[in-house]
Amino acid sequence: VDGEIVAGEASDVNPLTVEGLQTPCSLLYRSVFERNSQRMLDRATELGCVLRPHMKTHKTLEGGEVLTAGTRRRITVSTLAEAEFFADGGFDDIVYAVPIAPAKL
């Protein structure tokens, strides 16, 4: 494993195995995730805009922390449950990015 295990703790006594993971789950190289996230943030800054990452795929407070460079601000969600989850986790400036048909208003 490259870097720190984010979801779940492994030890010599209790190794983390694929079979032991609760599914669904996301496995990633933390160093690659952090590097790619920083590249996106840097590129947005170069272009003079602010990145508002979408939380739909990872749905984790840890992932949101990385994607916002620790600010816990300016995120996008696609469900009200996600908005509530991230708000309860200390995130603000949350955009609910789902089009609503005029007939549903």
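Reader: Which residues make up the largest nonpolar core?
Author: In this predicted model, the largest nonpolar core consists of 7 residues: M55, L67, I75, V77, A83, F86 and F91. Two elements, β1 (73-77) and α3 (80-88), each give two or more residues to this core.

Reader: Why would such side chains be found together?
Author: In soluble globular proteins, nonpolar side chains tend to be buried together.

Reader: F91 is in that core. What is F91 in contact with, beyond its neighbours within four places in sequence?
Author: Leaving those neighbours aside, F91 is in contact with L61, G64, E65, T68, R72, R73, I75 and F86.

Reader: Let me step back. How many helices and strands does the chain have?
Author: The chain has 3 helices and 2 strands. Their order along the sequence is α-α-β-α-β.

Reader: How much of the chain counts as buried?
Author: The chain has 105 residues, and 21% of them count as buried. The chain exposes about 7700 Å², of which carbon and sulfur atoms supply 55%.

Reader: What share of the contacts joins residues 24 or more positions apart?
Author: Among contacts with a separation of 6 or more, such residues account for 37%.

Reader: Back to α3. Which of its residues are buried?
Author: The buried residues of α3 are E82, A83 and F86. They lie on the same side of the helix, because the arc they cover around the axis is only 100°.

Reader: What covers them?
Author: The cover over the buried residues of α3 includes α2, β1 and β2.

Reader: And which exposed residues are on the face turned away?
Author: That face of α3 carries the exposed residues L80, A81, E84 and D88. After the helix comes G90, which has a positive phi, near 95°.

Reader: Why does L80 count as exposed?
Author: L80 has a relative accessible area of 58%, and exposed means over 50%, so L80 falls in that class.

Reader: How far apart are L80 and Y96?
Author: They are 16 residues apart along the chain, and their C-alpha atoms are separated by 7.2 Å. Y96 counts as partly exposed, at 37% relative accessibility.

Reader: New topic: how many salt bridges are there?
Author: A search of the whole structure finds 6 salt bridges. One of them joins the side chains of E34 and R30, at 2.8 Å from N to O.

Reader: Why is R30 put in the buried class?
Author: Buried means under 20% relative accessible area, and R30 is at 19%, so R30 is counted as buried.

Reader: Which salt bridge links distant parts of the chain?
Author: D92 forms a salt bridge with R73, with the closest N and O atoms 2.6 Å apart. This pair links distant parts of the chain, since D92 is in strand β2 and R73 is in strand β1, 19 residues apart. D92 is partly exposed, at a relative accessible area of 36%, and R73 is also partly exposed, at 35%.

Reader: E65 and R72 came up as contacts of F91. How do their side chains meet?
Author: The side chains of E65 and R72 meet in a salt bridge, 2.5 Å from N to O. E65 counts as partly exposed at 28% relative accessibility, and R72 is partly exposed with a relative accessible area of 23%.

Reader: What is G63 in contact with, its neighbours within four places aside?
Author: G63 is in contact with F33 and H58. Between G63 and S37, 26 residues apart in sequence, the C-alpha to C-alpha distance is 9.6 Å.

Technical notes
Residues numbered from 1 in each chain as written. Predicted model: local features only at pLDDT ≥ 70, side-chain atom pairs only at ≥ 80, totals over all residues. Heavy atoms only, no water. Core = buried A, V, L, I, M, F, W, Y, C linked by side-chain atoms within 4.5 Å. Buried < 20%, exposed > 50% of the residue type's maximum accessible area, 1.4 Å probe, protein only. Helix = DSSP H or I, 4+ residues; strand = E, 2+ residues; numbered from the N terminus. Contact = heavy atoms within 4.5 Å. Areas by Shrake-Rupley, 256 points an atom, 1.4 Å probe, with all protein chains shown as cover. Arc of directions from axis to C-beta. Salt bridge = Lys/Arg side-chain N within 4 Å of Asp/Glu carboxyl O.
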